[in-house]
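Subject: Structure handover

Hi,

Here is the structure I promised. Please open it alongside this note; my findings follow below.

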Protein chains: 4
Amino acid sequence: MNQSHSSTLNDELDGDTLHEECGVFGVLGHPDGATLTALGLHALQHRGQEAAGIVTFDGKQFHMEKRMGLVGDHYTDPATLAKLPGFISIGHTRYSTTGEVALRNVQPLFAELEVGGIAVAHNGNFTNGLTMRRMLIADGAIFQATSDTEVVLHLIARSKQATSSDRFIDAIRQMEGGYSMLAMTRTKLIAARDPIGIRPLVMGELDGKPIFCSETCALDIIGAKYIRDVENGEVIICEIQSDGSITIDSRKADQPKPERLCLFEYVYFARPDSVVGGRSVYTARKNMGINLAKEAPVDADVVVPVPDGGTPAALGFAQASGIPFEYGIIRNHYVGRTFIEPTQQIRAFGVKLKHSANRAMIEGKRVVLVDDSIVRGTTSLKIVQMIRDAGAREVHIRVASPMIYFPDFYGIDTPDADKLLANQYSSLQAMCDYIGADSLEFLSIDGLYRAVGGASRDAANPQFTDHYFTGDYPTRLLDNDSTSNVRKLAVMASNG
Amino acid sequence: MNQSHSSTLNDELDGDTLHEECGVFGVLGHPDGATLTALGLHALQHRGQEAAGIVTFDGKQFHMEKRMGLVGDHYTDPATLAKLPGFISIGHTRYSTTGEVALRNVQPLFAELEVGGIAVAHNGNFTNGLTMRRMLIADGAIFQATSDTEVVLHLIARSKQATSSDRFIDAIRQMEGGYSMLAMTRTKLIAARDPIGIRPLVMGELDGKPIFCSETCALDIIGAKYIRDVENGEVIICEIQSDGSITIDSRKADQPKPERLCLFEYVYFARPDSVVGGRSVYTARKNMGINLAKEAPVDADVVVPVPDGGTPAALGFAQASGIPFEYGIIRNHYVGRTFIEPTQQIRAFGVKLKHSANRAMIEGKRVVLVDDSIVRGTTSLKIVQMIRDAGAREVHIRVASPMIYFPDFYGIDTPDADKLLANQYSSLQAMCDYIGADSLEFLSIDGLYRAVGGASRDAANPQFTDHYFTGDYPTRLLDNDSTSNVRKLAVMASNG
Amino acid sequence: MNQSHSSTLNDELDGDTLHEECGVFGVLGHPDGATLTALGLHALQHRGQEAAGIVTFDGKQFHMEKRMGLVGDHYTDPATLAKLPGFISIGHTRYSTTGEVALRNVQPLFAELEVGGIAVAHNGNFTNGLTMRRMLIADGAIFQATSDTEVVLHLIARSKQATSSDRFIDAIRQMEGGYSMLAMTRTKLIAARDPIGIRPLVMGELDGKPIFCSETCALDIIGAKYIRDVENGEVIICEIQSDGSITIDSRKADQPKPERLCLFEYVYFARPDSVVGGRSVYTARKNMGINLAKEAPVDADVVVPVPDGGTPAALGFAQASGIPFEYGIIRNHYVGRTFIEPTQQIRAFGVKLKHSANRAMIEGKRVVLVDDSIVRGTTSLKIVQMIRDAGAREVHIRVASPMIYFPDFYGIDTPDADKLLANQYSSLQAMCDYIGADSLEFLSIDGLYRAVGGASRDAANPQFTDHYFTGDYPTRLLDNDSTSNVRKLAVMASNG
Amino acid sequence: MNQSHSSTLNDELDGDTLHEECGVFGVLGHPDGATLTALGLHALQHRGQEAAGIVTFDGKQFHMEKRMGLVGDHYTDPATLAKLPGFISIGHTRYSTTGEVALRNVQPLFAELEVGGIAVAHNGNFTNGLTMRRMLIADGAIFQATSDTEVVLHLIARSKQATSSDRFIDAIRQMEGGYSMLAMTRTKLIAARDPIGIRPLVMGELDGKPIFCSETCALDIIGAKYIRDVENGEVIICEIQSDGSITIDSRKADQPKPERLCLFEYVYFARPDSVVGGRSVYTARKNMGINLAKEAPVDADVVVPVPDGGTPAALGFAQASGIPFEYGIIRNHYVGRTFIEPTQQIRAFGVKLKHSANRAMIEGKRVVLVDDSIVRGTTSLKIVQMIRDAGAREVHIRVASPMIYFPDFYGIDTPDADKLLANQYSSLQAMCDYIGADSLEFLSIDGLYRAVGGASRDAANPQFTDHYFTGDYPTRLLDNDSTSNVRKLAVMASNG
């Protein structure tokens, strides 16, 4: 009970949206490896706030630090960075999924192999992770944590290939799903993206040294230059030579498939200043608002963004509709970290802990609320109420993405399908009634495709991953039927 | 050295603006005293993030909890709230000024008097605090902390008046400066505002119980009704009677003066959704942008707010000028708490730790940056550089308040006068050159007055407190010449 | 309930004996003031383990650090000592009495006076502390904590004397009770002992610099030389002159009384290697055992000390009786710090958490257990049971001090009178039956006097303070009737 | 430098003796599994104070908690015990060896096998641990920590045997060295001792439920009955059946060897109240003192034990020699936990932080200091100096064990051979001169054998493990030549 209540509160405070699970960053050959990685992870903090880890290699020894909490709370501290000397570094920032919150689940993971140490970090999810884990346990492998990354580590350790990079490729070729993965050895930085490129991964360069990261914003913060996206199915192996020069080797998949980036990167996950798949995320979001204004116009006095996700779309909506854009909802930036299990009295204030209505812009007005997406609808309900309490004459909701019907298996934390608003009510009107709005409209799937990529959806060969809207999963789902067994293996509760 | 460097970083991360020192909240007669106070302080968190304290009285005993950090990090925790039972409660949230950061400086302060206990909390500053402190020490008073609030406590303890409320009035009538003050005894909640009402203080009501707080946003979060502003020079004494009823008694100053609210509440301090002195802060800020667009127009492609303070003014500027409003600067919400003493490498990234340029909206454009105010100019310099690095063709700065020349003595933390940009350069052009912009303009003092109150400044009887712009201090400054002696008395360094 | 249960456990773990409240240490003129003070307090740790504080003066500024816990847990840390530069230093270590455990109660206390700062620390208790506190509050004094030391500070602050040392003397001459007190100003170190010298205080010297401390063991640890005991009623004022030389001025009481040191210092409090009042504590304790063997002989196989207090007396008993001395009870040195509120199951193991029977020395034997004192008898009961469970044929208890009937008011933490074993049972046999021993005998008051001072008790002019045994209080007890009011004033519960 | 200095200090504070690495405890079938385990580990705390871990199984799930620090600091807390429900439980307490101090090295270790979970804890050391680790890494095993216990876990996971107990036996039969090991599965508690029984392990019983622990003192604390020692080379498998009954199955080694318990258990490690190999440890130690008095008599006034290890031997020495036994050295029980890196000034006080001379028993006397063993001699040097400073006329050292020449490889933390006093000086007289004593004598190896077991050493078939004195290692030392390679594999520095 308690748990579920406070989870409802967190939904409200987080805006009842979906969550990405991770961000990754790596650099090879730069003397400030850990500092650059810390800065990169800080820029990727929106992809995961639970914990962060960094591994470095200084020519003699690997160093690893893992911390619960924000990158900026720990990795800017001189004492922490002093423990991470080295010119090869990879880092990982992690979203707080339900279940075990333990340092041993924090990436990167490290293994000492016969051929030397290797550290691995990834963003995404394997659709055959459980299947592989079972196979490995049957073969005598010992797992320390519940992360699928450990599966990859075991496959590397058991690979019969000679070199660490060949072992890495051998391992990931056995995995299915959506992932962007970084690995490092004593001389190499390796980047890999899944066969259809569901999760993003870009390559950059600073002072001639290669960098890989989830989004371009992690290049911008350190003043690094964007080179190109890692291609879907590609493995890039950078190696520092004894003379300090760096070789870069790209291995492509044997039978390349077309890229299908996850649409939710554009809808919500990626930072607006990032360029994903060559497209400005901010521009894509503004286009969603513009298309939404065309698809679902409404006669109103003011366009109000639901902070923060809805802001670019609201601006697009306002510009396209000619209705003034105003901050009708003010966000409290000082939401503390211990709202996890507040008292019942505190919990009752729900969404007001983070948002408040700006009465001067609401009272007596017909308000269009623009949000990026609706998952459960629980927060929308509270926000509509808050806007009405502030004196709005009408409240219209416009959502800059389609209705969500299906769970994700590629690294997005989705609630159970029956908790999704779209699955709880059979009609748009019923949803609108539940939320208490005067009208409710979603952007069409084609409207979204055009906002992001310019063209409508090609049903035969969709340009993007979009199963949460359409049910069209881009890969098979090997573990899916046996998902319930996951817990059966994770029998150990521990703080260790 | 180190200290000054990291202070520069903090200026950048905080936006190089001025800082208020406190927020206060009090409630009488409500069974959830501490919970309401915690929520109210959470809504007032923008007025001070260093520490917060709450005192309650439960009919038998006073309870006090003080914590470093955010309200939401501590006071939503059931264990903490359980230590604060009671139906009378006052709370205080405090800004981190330089010098001692110690729990013993955190308000409210408490004293056991012959007539019973009393707790006091205040926002503002006394201009004769040091003078009174010296007088009291000469008379055998012992001070535990460096806060001026303790001076008031001693005056109350030494007052010859019979009741706690008369003692309180006796005490504050001896103090000069700008303050909004709350006090509580075993039966009373007392609110007081300085003779000209420099700092704000409003009265509200929830379930028929009186509430006092710095801004209306603290009423909104708990669903309380706004009653009226506490008047300048007024003391309101609310007392709970044995039958549970509450009497409210107002004492006005003998020779009332006109109110002169601090203009910086409108320019930067107050939350945009608050109503201060009967005026919407958000609307005032938009008006500043509108007036600024009229006073200092510029031919440009895009209006970009400097987050977060400049946003409403930027919106006003855009609406008045017809130039599109775009988010050209993206704010990183996840700035950690340990940036205080980062490594030199981290420090070098300065403003980029918090802000990044949204290249898609900047590249090739003529950009108007709208900011709320400029204090030292150090951050403006970095932001202009960041915008230029992102490819802007021109960068024009428009500041929605006048130039700051003079220090404050009423509760605003101002840098030394010679650190103020306006005092470092003799001409607007020199400032513009320093910052590296193509043009730089400030809102006029009349433009600001009109934006807030409708009328231009009445030089004979200014409607607001505005000395930081004009040098016209609204009270005498008794301690001012001897400011350097403050440290002489604060001889004790301690963590206790 | 819970509270009382865990308090019973703590009695068992601490050996159900009385507890001293404090130890003090001060040094003037030595560059390593804080280090010497930390070492001295470490040697005095047996006098109080709850918290410790140190104040230093470095020529410009006072520095104060206070910490909960052991001296060696905090004050050996370079970071802590670095915050305490200075050549004048006083320190205090404090026993955990019931009630508030808060840093603000930790001594030394400091006040900024008109004539400069002063810090005060004391061991002992005032019998008119409450009376004076009430008088001061009526006169407008503000108290921050519940310690009587603050009363002295207020009296100093309000004194009309010109110098800090005269103010100090003025203040303590108004106080009654048993105390050893240290004070320091910007140039002085002042030591004072109550009119009859109930609590000990010695003067030593290191490198020609004066040192004062509760016991000689604090001189031994730093290699300082013992000079003499501070006399009862004496105030010694040491002052450092501008040329670095030190003047020492002694002020005696006008009408000197004979010294009456507290007997419990010899029975239990002082460390066995200390010399108190010119007498070796260890030798006194051995003598107690020797006298006990003569007064209450028993036919037995083995003499077993109840650790740790009973060990010297047991050795004396064994040597005098010729019965072999053996370690029949083994002490677990690793009793953790969180036994305060253990689970009911853990609590049930009581005394076994700290002590275990050494079966090889017990089984089949007639055992004499020698303990230093019996307060409630609750631990004795458990120990007898433990010894019987280990197979003892007979268990005889010999206590190296008389029965305790009366509470203390001079700094010893005594339980309520009706909790004392001697007041719960009307006969020695009844006590013996309760405890479950085969015989139980206490040392006579004369036997104790002879063990410590050589002569029997002079009933007309007792040589020592001994009211807990005899009811003969050496001073009037002004606060005593109103003790229950103490809590009425301490109305504030706080962690601040 | 710093490191080595503070390590010298720790030697002094710990008495410059050898250290055991661990204690283990396990119970099957009792509802209070974790509570009993916590109590048992508390009684075994002398075997390791760095960290402790407990694993339980509650019928559905395994639970694991690990904590740095003392058992009594964590595991008596209701919140911690509440996380450890279950009727099968094993626990481990660990000595702080040099190198990584990390939770991931704290035992028990757990692995999820195909046949279900297994947890393992052990006391001792494998002489082929590194060899096996290399073999396993070559075969694709991933190691998370540096503990050899993980090697056993991998061997269990990879075993082809059907049941968990057969897999366990399969695994330990591949290991060489000295160990006492506990394992638990969902139904079993398994105990094993190495082929010659170097480390102790006893079996007890409480309420009919089997218990295994390192020493009998862990049975005594919970009131459990001692059943028998686990035999050398024996594996005992206890299994709880579906009806709650417990089966006990003993597997003996195929070719049993004679037991050779480690003599240091008698000399120093085991608690004096424990019975090891059927012999009272306290009696053995007293016998060492008695034999020492016969072998190396001295004309003196007082016998003083070096606390705490030397006390029983000193008592034996005093009884045999007729010289009075006195506490000439007082131990400070309050040595804090942060002496690890004290300031140079604090460090200079060395042994005085823990010990002080009791001048009254020393001054003008001829003193015999009795110690249990001498390793480096660094502390002895300081103690002799301290005794001389207290005025001793003569200082004679008598050591209740032979000289230590050789390192251990069975779980005792020994310094490098060239740091051992016996290897630094070629003659007894040279050692005596170094230490500064008037005479120095060690117990003979035969004297030690007779004190413990009654008979002299049988050179052909020594009754005990005694290589540190004799160089006669009881097993081959497979890893020994490659010891330096250990660090090469442990390339990862981490706090994770």
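How many residue pairs are in polar contact across the interface of chain A and chain B? The rule finds 25, counting pairs with both residues at pLDDT 80 or more. Keep in mind that this is a predicted model.

**Chain A with chain B**

Start with the contacts. On the chain A side, 58 residues take part, and they meet 57 residues of chain B. Together the two chains bury about 4,900 Å². Carbon and sulfur atoms account for 59% of that area.

The charged pairs come next. Two salt bridges are found across the interface of chain A and chain B. A salt bridge joins the side chains of A:E326 and B:K286, with N to O at 2.2 Å. By class, the chain A side that touches chain B holds 24 nonpolar, 21 polar and 13 charged residues.

**Chain D with chain C**

Here 57 residues of chain D are in contact with 58 residues of chain C. The buried area between chain D and chain C is about 4,800 Å². Carbon and sulfur atoms give 59% of it.

Between chain D and chain C there are two salt bridges. C:E326 and D:K286 form a salt bridge, and their closest N and O atoms are 2.2 Å apart. Polar contacts between chain D and chain C come to 25 residue pairs, both residues at pLDDT 80 or more. Helix 2 of chain D, residues 33-43, gives the most to the side that touches chain C: four residues. That side of chain D divides into 23 nonpolar, 21 polar and 13 charged residues.

Chain D goes onto chain C by a rotation of 180°, with 0.1 Å of shift along the axis and an RMSD of 0.0 Å. This is therefore the relation of a two-fold axis. In chain D, the C-alpha nearest the axis belongs to D:H333, at 3.9 Å. The same surface serves both copies, and 100% of the contact residues of chain D recur in chain C.

**Pairs without contact**

Which chains have no contact with chain A or chain B? Chain A and chain C are not joined by any contact, and their closest C-alpha atoms lie 15 Å apart. Chain B and chain D also lack a contact, with their closest C-alpha atoms 14 Å apart.

**Chain A by itself**

Chain A has 19 helices and 26 strands. Its C-alpha trace spans about 70 × 45 × 45 Å along the principal axes. The radius of gyration of chain A is 23 Å. A compact globule of 496 residues would have a value near 23 Å, so chain A agrees with that expectation.

Over to you.

Best wishes

Key: Residues numbered from 1 in each chain as written. Chains lettered and ligands numbered in written order. Heavy atoms only, no water. Contact = heavy atoms within 4.5 Å. Buried area = accessible area lost by both parts, 1.4 Å probe. Salt bridge = Lys/Arg side-chain N within 4 Å of Asp/Glu carboxyl O. Polar contact = N/O pair within 3.5 Å; in protein donor to acceptor, adjacent residues only side chain to side chain. Nonpolar A, V, L, I, M, F, W, Y, C, P; charged D, E, K, R; others polar. Least-squares fit on C-alpha atoms with pLDDT ≥ 70 in both. Helix = DSSP H or I, 4+ residues; strand = E, 2+ residues; numbered from the N terminus. Rg over C-alpha atoms; globule rule 2.2 N^0.38 Å.
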